[in-house]
Each structure stands twice: as C-alpha cells, then as structure tokens.
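Reader: I'd like a close look at one part of this model. Keep it brisk, and take me through the side chains step by step.

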Amino acid sequence: MSHELRRIIPAPQPEIADTFAAYQATSQFYREVQSREALNTYCKWYYAIAERHRQELQQMRGELNIMRWFRRERRS
C-alpha cells in the first residue's frame, strides 16, 4: 500500500519548500505592516479626539455654571 501512495503523492521538493517559506515570510511581513498602519491610524485619531476634548473642556470652564445657582452654594 505504501508503494502505491508514493506514486500518487510526490515527494516534497526543496525548491517548493523554499518558495512556501518565502511566501509565508512575505505574508507575515504584510500582516505586520497592516497592523502597524492600523495602530498608527488609531493613535492619530485618538490624539485628535483628546485634543478636541481638551479644547471643549477649556471652553466649558469659561462658560457660566448654571448648576451652581440650583445647588445654592454659599461662598464664605
């Protein structure tokens, strides 16, 4: 039976293994590049949102605080 399988399934050739290894390395490289680009895009978005929130906070601090009137805080 094993003799019959040898005729059906060819023995692995070294150049095929080298080609597959190169394909696998290339695929891993592109996946790494894509994940780093995605992280970079996310970081840029996050920093932009954080800056916008800082500006909104500064604007809110400058506005009149209506809630203070309802709580009736007394300053001494």
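Reader: Start with one pair, please. Where do E51 and R54 lie, and how many residues apart are they?

Author: Both E51 and R54 lie in helix α2. They are three residues apart, about one turn of the helix. Their side chains meet in a salt bridge, at 2.7 Å from N to O. Keep in mind that this is a predicted model.

How open are these two to the surroundings? E51 has a relative accessible area of 36%, so it is partly exposed. R54 is partly exposed as well, with 49%.

Now the setting. The protein has three helices and zero strands. Along the sequence the pattern reads α-α-α. Helix α2 covers residues 14–62. How confident is the predictor here? Helix α2 has the highest mean pLDDT among the elements, 93. Helix α1, residues 2–8, has the lowest, 64. For the protein as a whole the mean is 84, and 78% of the residues reach 70 or more.

Back to the charges. The pair you asked about is one of three salt bridges in the structure. Another joins E32 and R36, with the closest N and O atoms 2.7 Å apart. E32 is partly exposed at 37% relative accessibility. R36 counts as exposed, at 56%. The cut-off for exposed is over 50%, so R36 at 56% passes it.

The R52 and E56 side chains also meet in a salt bridge, here at 3.8 Å from N to O. A salt bridge needs the N and O atoms within 4 Å, so a distance of 3.8 Å still counts. R52 and E56 are four residues apart in helix α2, about one helical turn. R52 is partly exposed, at 44% relative accessibility. E56 is partly exposed too, with a relative accessible area of 36%.

Next, the aromatic side chains of the helix. There are four aromatic pairs in the structure. One of them is Y42 with W45: the ring centres are 5.7 Å apart and the planes meet at 35°, so the pair is tilted. What spacing goes with that contact? Y42 and W45 are three residues apart in helix α2, about one helical turn. Y42 is partly exposed, with a relative accessible area of 47%. W45 is partly exposed at 49%.

Y46 and Y47 pair in another way. Their ring centres lie 6.1 Å apart and their planes stand at 75°, so this pair is edge-to-face. The angle decides the class: over 60 degrees counts as edge-to-face, which means that 75° qualifies. Y46 is found in helix α2. At 45% relative accessibility, Y46 counts as partly exposed. Y47 is exposed, with 56%.

Ring pairs link Y42, W45, Y46 and Y47 into a cluster.

What do these rings do to the surface? L39, Y42, W45, Y46 and Y47 make a nonpolar surface patch of about 630 Å². A patch residue needs over 30% relative accessible area. Y46 reaches 45%, so it passes that cut-off. Y42 passes as well, with 47%.

Finally, the whole chain. How much of it is buried? Buried residues make up 1% of the 76 residues in the protein. The accessible surface is about 8100 Å². Carbon and sulfur atoms hold 58% of that area.

To recap your pair: E51 and R54 share helix α2, about one turn of the helix apart. Their salt bridge spans 2.7 Å, N to O.

Definitions and conventions. Residues are numbered from 1 along each chain as its sequence is written. This is a predicted model: local features need pLDDT of at least 70, side-chain atom pairs count only at pLDDT 80 or more; totals for chains, interfaces and linings use all residues. Side-chain values use heavy atoms; hydrogens and water are left out. Helices (H or I, at least four residues) and strands (E, at least two) are DSSP runs, numbered from the N terminus. Buried means under 20% relative accessible area, exposed over 50%, partly exposed in between (1.4 Å probe, protein chains only). Patches are made of residues with over 30% relative accessible area and no salt bridge: like charges are joined within 9 Å, nonpolar side chains (Val, Leu, Ile, Met, Phe, Trp, Tyr) within 5 Å. Accessible areas come from the Shrake-Rupley method with a 1.4 Å probe; for residues, only the protein chains shown count as cover. pLDDT is the predictor's confidence in each residue, from 0 to 100. Rings of Phe, Tyr and Trp (its six-membered ring) pair if their centres lie within 6.5 Å; planes under 30 degrees apart count as stacked, over 60 as edge-to-face and the rest as tilted.
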